[in-house]
Amino acid sequence: MKIIQREATKRSELLCFPKPTIPAVVSGNIDPEPPDKRKIKEKGTYHVTLNPADLERVREVEASFQKATPSENLVEATRSKHRRLLSPVREEAPPQMITRSKSIPKDDAGIFQEALKQSYIVYLGGHSHGPHPSPTDLERASNSHYDLLASVLGSHEKAKEVIVYSYNKHINGFAALLEQEEASEIAKNPNVISVFLSKEHKLHTTRSWEFLGLEKNGRISANSAWKKARFGENTIIANIDSGVWPEHPSFNDKGYDPVPSKWRGKRVCEIDHHSGSGKKICNRKLIGARMFSKNYEAEVGQLDPMFRSARDFVGHGTHTLSTAGGNFTRGAHVFGNGNGTAKGGSPRARVVAYKVCWSIREAGGCHEADILAAFDHAISDGVDVINLSIGMFIPRSQGLLTDGPSIGAFHAVARNIVVVCSAGNDGPQPQTVTNVAPWSFTVAVSTLDRDFLSNISLGNKHYLKGASLNRGLPAGSRKFYPLILSANARLPNASLEDARLCKAGTLDPNKVRGKYLVCVRSGKISSVGEGQQAANVGAVGVFINNDYKQSGNTLPAEPHILPGASVNGSDFGGGNTDQNNTRNLIAYLSAARTYIGIKPAPIMAGFSSKGPSAMQPLILKPDITAPGVNILAAYSLATGPSNLPSDRRRIPFNVQQGTSMSCPHVAGIAGLLKTLHPNWSPAAIKSAIMTTATTLDNTNRPIRDAFDQIATPFEYGSGHIQPNLAMDPGLVYNLSTTDYLNFLCASGYNENLLKLFNQRSYTCPKSYNIEDLNYPSITVTHRGTNPIKVTRTVTNVGPSGTYVVKTHILEGFKVLVQPSSLTFKTIGEKKTFQVILNVTSVPHHGFPIFGSLSWTDGKHKVTSPIVVL
């Protein structure tokens, strides 16, 4: 038996004292039952008694207490919980290390860059097994490739480490990462027809930076934002998250100059030494680490001393920090997938970890007061950019000044710090976007042009592709196995729905053992739990069937503890029970391969949270989208890639998904802009990124969503990030602290409160329209037949010249911009214009209506989306 004690204090006679409730799934009682009302400042204590079988569900009970609390104001400071919107999504298969090519210094300016990978194709002609190979034939062909490679490299183990593809079906050959001398030696073999360099397969992780145009085939052009902004040199990027794994090579400081004098958090490194090592933990790259746990400990209990550290025990913080500012790190891959060089958006930035998330196995544990303390210290420490891949469980419809991250971000922005936040993973439902304050930079998530895919062969000569990281079954077990839907494997006392989701205790091991199990995805970004249950009942592998209504065609590659793949919802009938469709099917799952140049891309992820903002729909949120599906980055060695207790694997890199991954991409680009334009305001940096974004994919067509529909600004904001163009935007929409205070006044906040909030004299304007906030996007409400008028002011940050306006037609409206041209003579010059929307007809599909406005001088194009609600 366990007794939990909690105390709450009444703050207002008008408020009811919270009444906690015990969920039906847990047996126990509350004593005493709190009365409805108490005197002001009177404290009430209650005890919760749980039966022994319920002890594993204590966190679930506590979460229910919070949800049962009726008064938000009463417990705002201590009960509001935040969680990582993008919890780690990790994957499977025995680790295989890929050999590294020799380091080749390429930058005569002395900035460290990655060595080019050498990917060679070894062509051997045709196969002897004919056009319809069996699994045994395929295995034999691959083994022959290992044999050939091993004759040069010295062992099968080394051969398996370097091989990228084994062409074992029709074309006989393989692709491998080799040094030039090794390729030349292979070419001498009389059975080899040719050996040639394949630039197409020179994979560099994270692939997203090549997709975003910062490099091409491993080469960095003079026009790259990396070159222009000196790789983000000496910009300080803070990450408020789950900590950091400091020994990771992504945080190596070789070649770095002394820490910039602007860093004020000197010698703060609250990290334990791993395995008793005396090695210095923080360095010139990872210049500091702090931990904030008081709120967490007050809510949950004292931390185990082993975990009282800014060290990352779940991998999320390491992944996000390295994506934003990790150094060039060769030899990155996950189970042989995505081979290349990992690097962050600002690879030469200095980085700092602020640990506020403490749950070891869950997405939560990031408490509001701890987050606000981290903001406070980060501002004091002198950071330039803050990455916050954290958000609320449920977006609030009100409360910008009762939200810790919103308050922290306001103070940071007021001190010229860019704050980049994740939009959330609660899509595709509308009004799910979080972190919606206009001073925060809110990032949605979309795909890039790389997939990790396995081939799935079914016995009825049907073939599928599934997102996967798996390396296949062991050599002696690579064959076809029977296939069973989880709904057909349920125990008599299990519900059909629970069995479809492969919940614990719902599946019959006698029905599943020795088969591939098909489960329906229960989580939007992670299904490793289903893989665990499949392993528990003896499955040889697992296929995760997307719930199309929730995920669409977004297929995450996950690190299951057994061979597995994510498949489209229609591939196995949605996972429902069947009569004959799968009962006699057999399946074969190949090892995953890496594919680049995927089209179309980007595609909005099905789970990406969508606008409009429930708090203030007149501020378009999210602001931007960036890659966040199947992102490969650094990881913690304290946990397995699936983050399951049973997962004993340890890998230095991992693949994850979500807005937690897209958010640091934007933070890294903001870091470049901070280096290139150190005097720009956070609003100017945000504007530069937003107004240079694109709404077209790599086929030059409108970006689509996971449901194959044309996406809208409610999904991607201004569009998909284009870093190279953002370095030179031409014009920016600037905002000051006063502008944000005016926004708060117009939102109904009391002027006296705002004076306290800002700690300086301030008077609300007599009239102010939120639609006139100088935001880079324009959102207005329709006024029937009356015209809509809004104003904006742009600041010149480029050469002198004249900009002319162009508008994209909005259905039912004629757009007039006055003046229609703007001439600038000096940097910093400002010009104001008015946008007038005149109604011409009733929109055929109703509201909202989407359009855009662009200013161009022939070189620059400064674009703002327009939304009419």
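Leaving aside residues up to four places away in sequence, alanine 499 touches Ser486, Ala487, Arg490, Thr506 and Leu507. The model here is a predicted one, and in it alanine 499 sits in helix α12, residues 496-500. With a relative accessibility of 0%, alanine 499 counts as buried. Its C-alpha atom is 7.5 Å from that of alanine 489, a residue 10 places away along the chain.

Cysteine 502 is joined to cysteine 519, with an S to S distance of 1.9 Å. This pair ties together distant parts of the chain, 17 residues apart: cysteine 502 is in the loop between α12 and α13 (509-512), while cysteine 519 belongs to strand β22. The torsion about the S-S bond is about -90 degrees, so this disulfide is left-handed. Cysteine 502 counts as buried at 2% relative accessibility, and cysteine 519 does too, at 0%.

Strand β22 (516-520) turns up again around helix α14: along with β23 (541-545), it is part of what covers the buried residues of that helix. Helix α14 spans residues 528-536, and Val528, Glu530, Gly531, Gln532, Gln533 and Ala534 are buried in it. Just after the helix, glycine 538 adopts a positive phi of about 90 degrees.

Back to the cysteines. The structure has four disulfides in total, and with the bonded cysteines of the protein chain numbered in sequence order, they pair up as 1-2, 3-4, 5-6, 7-8. One of these disulfides connects cysteine 269 and cysteine 282, S to S 2.0 Å. Both of these cysteines lie in the loop between β9 (236-241) and β10 (286-291), 13 residues apart. Cysteine 269 counts as partly exposed at 26% relative accessibility, whereas cysteine 282, at 10%, counts as buried.

Cysteine 357 and cysteine 366 make another disulfide, with their sulfur atoms 2.0 Å apart. The torsion about their S-S bond is about 115 degrees, so that one is right-handed. Both cysteine 357 and cysteine 366 are buried.

Cysteine 421 and cysteine 663 are another story. The cysteine sulfur closest to that of cysteine 421 is in cysteine 663, and at 6.2 Å it is too far for a bond. Cysteine 663, for its part, is in no disulfide. Cysteine 421 is buried at 1% relative accessibility, and cysteine 663 is buried with a relative accessible area of 0%.

Lysine 355 is a charged residue to look at in strand β13, residues 350-355. It is buried but has no salt bridge, and the nearest side chain of opposite charge, that of aspartate 312, is 6.1 Å away. What the lysine 355 side chain does have is a polar atom 3.1 Å from the backbone oxygen of serine 309. Residues that lysine 355 touches, beyond four places away in sequence, include Asp241, Arg290, Phe307, Ser309 and Arg311.

β30 pairs with β32 (residues 788-796) in the antiparallel sense, over two bridges. Valine 732 has threonine 795 of β32 as its bridge partner.

How values were computed: Residues are numbered from 1 along each chain as its sequence is written. This is a predicted model: local features need pLDDT of at least 70, side-chain atom pairs count only at pLDDT 80 or more; totals for chains, interfaces and linings use all residues. Side-chain values use heavy atoms; hydrogens and water are left out. Helices (H or I, at least four residues) and strands (E, at least two) are DSSP runs, numbered from the N terminus. Buried means under 20% relative accessible area, exposed over 50%, partly exposed in between (1.4 Å probe, protein chains only). Lys and Arg count as positive and Asp and Glu as negative; His and the chain ends are not counted. A salt bridge is a side-chain nitrogen of Lys or Arg within 4 Å of a carboxyl oxygen of Asp or Glu. A polar contact is a pair of N or O atoms within 3.5 Å; within protein, one must be able to donate a hydrogen and the other to accept it, and residues adjacent in sequence count only if both atoms are side-chain atoms. Contact means heavy atoms within 4.5 Å. Two strands pair if DSSP finds at least two bridges between them. A disulfide is a pair of cysteine sulfur atoms within 2.5 Å.
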